Amino acid sequence: MAVGLGPLSTLHPVPGFELGIASAGIKRPGRKDVVVMRCAEGSSVAGVFTLNAFCAAPVILAKKRVSGSVRYLLTNTGNANAGTGEPGLQNAMRTCASLAKLAGVDESEVLPFSTGVIGEPLPVEKIEGALQAALDNLSESNWADAATGIMTTDTLPKGASRQFTHEGVTVTVTGISKGAGMIKPNMATMLGYIATDAKVAQGVLQDLLRDAANKSFNRITIDGDTSTNDCCMLIATGKAALPEITQASGALFAALKQAVFEVCMEVAQAIVRDGEGATKFVTVQVNGGATHQECLDVGYAVAHSPLIKTALFASDPNWGRILAAVGRAGVAQLDVSKIDVFLGDVCIASKGCRAATYTEEQGAAVMAQEEITIRIELGRGTCSETIWTTDLSHEYVKINAEYRT
């Protein structure tokens with residue numbers, strides 16, 4: 001069950017960005033599994049993509065096309081079109097060409113995205129059969145339906161929206177994401193689509209997305225597996241009656257940056273809250289590092305530890321597992337006598353051993369909560385990093401053992 005994740009809040013339409021949903025029956029009949037998104041002519045589009053060497057055919061194609069003119073984004077669920085070689089690339093190109101023909105644009109202006117089972121041929125004919133229905137369904141108000149349409153093992157749709165006013169003009173930022181398993185940051189481990197009606201130069205938009213992803217999608221992990229299909233897109237339609245943002249400076253850019261960061265953070269954390277089998281939402285905060293990288297190394301060592309994750313599921317304050325993870329994180333010349341570890345506000349370890357004031361009852365009370373913070377003070381410098389993760393439950397094993405059946 002999703003941890004602290006309820007129904008979608010209001011997702012404000014973004015002028016110049018439309019979404020259409022249809023059913024191709026890729027995995028089961030009647031499932032809404034094809035989503036078409038249309039960008040207004042002249043939109044700027046930025047993307048960040050998986051670093052997995054076995055990246056899927058749609059990722060290869062989208063990376064090539066994102067810097068050009070982009071009018072349509074085509075997403076299918078139920079089939080990842082990954083591990084499919086040259087035939088998979090040809091299939092991705094064919095679905096783009098089919099959509100381009102129906103929409104009256106060049107096929108190079110269509111970006112494909114896929115999610116689902118790896119290694120199976122893309123059911124091109126099924127997708128092609130749903131394209132016209134998706135085009136007929138295009139609307140600026142279809143964010144919530146699209147959030148459902150891109151889901152795989154997700155239990156709830158994920159979305160967020162922000163608005164701000166600049167010189168009397170309202171600017172909107174709205175985004176959706178999907179992801180619940182095969183989640184480990186190495187760009188943006190999921191599919192995510194964020195749009196704004198601000199007008200932003202492509203280079204500025206790309207840098208903005210990269211920065212936002214690094215503080216949100218690249219700080220989440222569920223199971224340590226980086227997907228073959230991860231993509232996150234940021235679209236600026238330019239429909240707001242404001243000057244184009246050509247530099248990463250000024251009041252308008254600052255307001256847009258804050259809104260984009262907030263949307264990215266909310267939908268990224270929603271992925272963790274809806275992690276496969278998750279019963280806990282866990283914040284791992286590492287402070288006092290000499291570098292940001294060593295803070296991340298420590299944070300991920302804790303967040304990826306099966307021993308810690310199973311203890312979290314059992315609500316067992318087995319603090320020795322945390323110390324062991326910190327110690328094997330690979331931090332050079334780590335002085336354990338300077339390290340303090342906290343569960344919530346409870347100091348469980350100080351100066352490398354059990355804190356004198358700590359009791360098992362204190363730790364158990366924190367671990368029984370649905371939302372838990374593990375805070376590690378390294379005592380080496382001024383750098384800090386925060387990562388969000390889940391526990392590891394019986395249900396996670398069940399979901400992934402039965403994923404293809």
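In this predicted model, helix α5 (residues 202-215) packs against helix α6 (residues 251-273) at an angle of about 40 degrees. Their axes lie 9 Å apart. The two helices are therefore oblique to each other. The crossing of α5 and α6 is right-handed. On the α5 side, the contact is made by Val204, Leu208, Asp211, Ala212 and Lys215. On the α6 side, the residues are Phe253, Leu256, Lys257, Val260, Phe261, Cys264 and Met265. By class, this contact of α5 with α6 has 9 nonpolar and 3 charged residues, with no polar ones.

Two other helix pairs follow.

Helix α1 (residues 57-65) meets α2. Their axes come within 8 Å and cross at roughly 60 degrees. The crossing of α1 and α2 is right-handed. From α1, the contact draws on Ala57, Pro58, Ile60, Leu61 and Arg65. From α2 come Gly88, Leu89, Ala92, Met93 and Cys96. The residues of this contact of α1 with α2 divide into 8 nonpolar, 1 polar and 1 charged.

Helices α8 and α9 pack at an angle of about 155 degrees. Their axes are 9 Å apart. An angle over 145 degrees counts as roughly antiparallel, and α8 and α9 are therefore roughly antiparallel to each other. Here α8 passes α9 in a left-handed crossing. Leu307, Ile308, Thr310 and Ala311 of α8 touch Arg321, Ile322 and Ala325 of α9. The contact of α8 with α9 divides into 5 nonpolar residues, 1 polar and 1 charged.

| Helix pair | Angle | Axes | Crossing |
|---|---|---|---|
| α5 and α6 | about 40 degrees | 9 Å apart | right-handed |
| α1 and α2 | roughly 60 degrees | within 8 Å | right-handed |
| α8 and α9 | about 155 degrees | 9 Å apart | left-handed |

Now to the spaces inside. The structure holds 2 cavities of 30 Å³ or more. The largest cavity contains about 70 Å³ of space. It is lined by 13 residues, and the closest to its centre are Ile308, Asp316, Asn318, Ile322 and Met367. Helices α8 (306-313) and α9 (319-327) are the elements that give two or more residues to this lining. Of the elements, α8 gives the most to the lining of the largest cavity, with 4 residues. Ile308 and Ile322 also belong to the contact of α8 with α9. By class, the lining of the largest cavity has 10 nonpolar, 1 polar and 2 charged residues.

The second largest cavity has a volume of about 50 Å³. Its lining includes Pro58, Leu74, Asn81, Ala92, Pro112, Phe113 and Ile127. Pro58 and Ala92 are also part of the contact between α1 and α2. Strand β4 (72-79), helix α2 (85-103) and strand β5 (110-117) each supply at least two residues of this lining. By class, the lining of the second largest cavity has 7 nonpolar and 5 polar residues, with no charged ones.

By class, the lining of the second largest pocket has 2 nonpolar, 5 polar and 3 charged residues.

Technical notes: Residues are numbered from 1 along each chain as its sequence is written. This is a predicted model: local features need pLDDT of at least 70, side-chain atom pairs count only at pLDDT 80 or more; totals for chains, interfaces and linings use all residues. Side-chain values use heavy atoms; hydrogens and water are left out. Axes are lines fitted to C-alpha atoms, for helices over the stretch in contact, and angles run from 0 to 180 degrees between N-to-C directions. Angles under 35 degrees count as roughly parallel, over 145 as roughly antiparallel, 65 to 115 as roughly perpendicular and the rest as oblique. A crossing is left-handed if the near helix is turned anticlockwise from the far one by less than a right angle, and right-handed if clockwise. Contact means heavy atoms within 4.5 Å. Ala, Val, Leu, Ile, Met, Phe, Trp, Tyr, Cys and Pro count as nonpolar, Asp, Glu, Lys and Arg as charged, and the others, Gly among them, as polar. On a 1 Å grid over the protein atoms alone, a cavity is a set of points where a 1.4 Å probe fits but cannot get out, and a pocket is an open set with protein on both sides within 12 Å along at least five of seven lines; lining residues have an atom within 4 Å of a point. Grid points are joined across faces, edges and corners, and a volume is the space filled by probe spheres set on the points.
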